[in-house]
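Reader: I have a model open and want to learn to read its features. Where do we begin?

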Amino acid sequence: NNSEHVVITFDGVYSNIFDFAMPIMKKFGYVFELFITSDYIGKSNDFDVVEPEANFASKDELSELIKAGGRLQWHSISHKNLKDIKDSKEIIFELEIPPEIKKIDNKGFSWFAYPHGEFNQEVLNETKKYFKGAVSCNQGNENDLYILNRVTVENHTKLNHNKISIIVPCYNYGAYLTEAMESILK
């Protein structure tokens, strides 16, 4: 209910977040959430034909992101869409954080992001047992901590309320992001 509250999140934590976003977050002292999928840590995203080719952050990069103010949060083992899964063993498998991953950030992992932004009642019930809250993309609302909707800003997105929104398109110009952010803030 706090209109001034903002949470900066990164889904599918790529190495370019380490390279380009981390210096900005660190410079301005922003805390940020990093939702990770353990099966992809340190690997290529060549399986995802929609996204530009990139590598997911390695364990070392995740550790550095934490030192810079990031907090690891959970996005599942494999990034399966859990909406169609009814088997509680399979749901629990995706929700439980492997101990070797938990060690990367002993203070993190209190929030969950539903893979593909979707869930069913069984997934919601199990999520409540493991996490303090969870985020969705379109099934949730602004009031329930376990189904909070994220706002994904796209070309057609309309932000209501009295806000100023700035979108900085950046493709292969990450080296200039700090300068761009400083200019915007001025």
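Author: With a pair in one helix. This is a predicted model. Lys-67 and Glu-64 sit three residues apart in helix α2 (residues 59-67), so about one helical turn separates them.

Reader: What do Lys-67 and Glu-64 form?

Author: First the general idea. Side chains of opposite charge can pair when their charged atoms come close. Here, Lys-67 and Glu-64 form a salt bridge, with the closest N and O atoms 3.2 Å apart. Lys-67 is exposed, at 65% relative accessible area. Glu-64 is partly exposed, at 34%.

Reader: How many salt bridges does a search of the whole structure find?

Author: Five. Another of them joins Glu-126 and Lys-129, again with closest N and O atoms 3.2 Å apart. These two residues are three apart in helix α5, so about one helical turn lies between them.

Reader: Is Glu-126 buried or exposed?

Author: Buried, with a relative accessible area of 10%. The cut-off for buried is under 20%.

Reader: Which parts does the pair of Glu-90 and Lys-80 tie together?

Author: Start with the contact. Glu-90 and Lys-80 meet in a salt bridge of 2.7 Å, N to O. Glu-90 lies in helix α3 and Lys-80 in the loop between β3 and α3, so the pair ties together parts ten residues apart in sequence. Both ends are partly exposed: Glu-90 at 27%, Lys-80 at 37%.

Reader: Next, the inside. How many cavities of 30 Å³ or more are counted?

Author: The idea comes first. Rolling a probe the size of a water molecule over the atoms shows where empty space is left. The count here is one cavity. The volume of the largest cavity is about 70 Å³. Its lining includes Phe-35, Ile-36, Tyr-40 and Phe-56. By class, the lining has eight nonpolar residues, two polar and no charged ones.

Reader: Last, the surface. Which residues make the nonpolar patch?

Author: Ile-166, Val-168 and Ile-184 make a nonpolar patch of about 220 Å². Val-168 lies in the loop between β6 (148-149) and α6 (177-185). Val-168 is partly exposed, at 34%.

Key: Residues numbered from 1 in each chain as written. Predicted model: local features only at pLDDT ≥ 70, side-chain atom pairs only at ≥ 80, totals over all residues. Heavy atoms only, no water. 1 Å grid on protein atoms, 1.4 Å probe; cavity = no way out; pocket = protein on both sides within 12 Å on 5 of 7 lines; lining within 4 Å. Points joined across faces, edges and corners; volume = space filled by probe spheres on them. Nonpolar A, V, L, I, M, F, W, Y, C, P; charged D, E, K, R; others polar. Patch = residues over 30% accessible without salt bridge, like charges linked within 9 Å, V, L, I, M, F, W, Y side chains within 5 Å. Areas by Shrake-Rupley, 256 points an atom, 1.4 Å probe, with all protein chains shown as cover. Salt bridge = Lys/Arg side-chain N within 4 Å of Asp/Glu carboxyl O. Helix = DSSP H or I, 4+ residues; strand = E, 2+ residues; numbered from the N terminus. Buried < 20%, exposed > 50% of the residue type's maximum accessible area, 1.4 Å probe, protein only.
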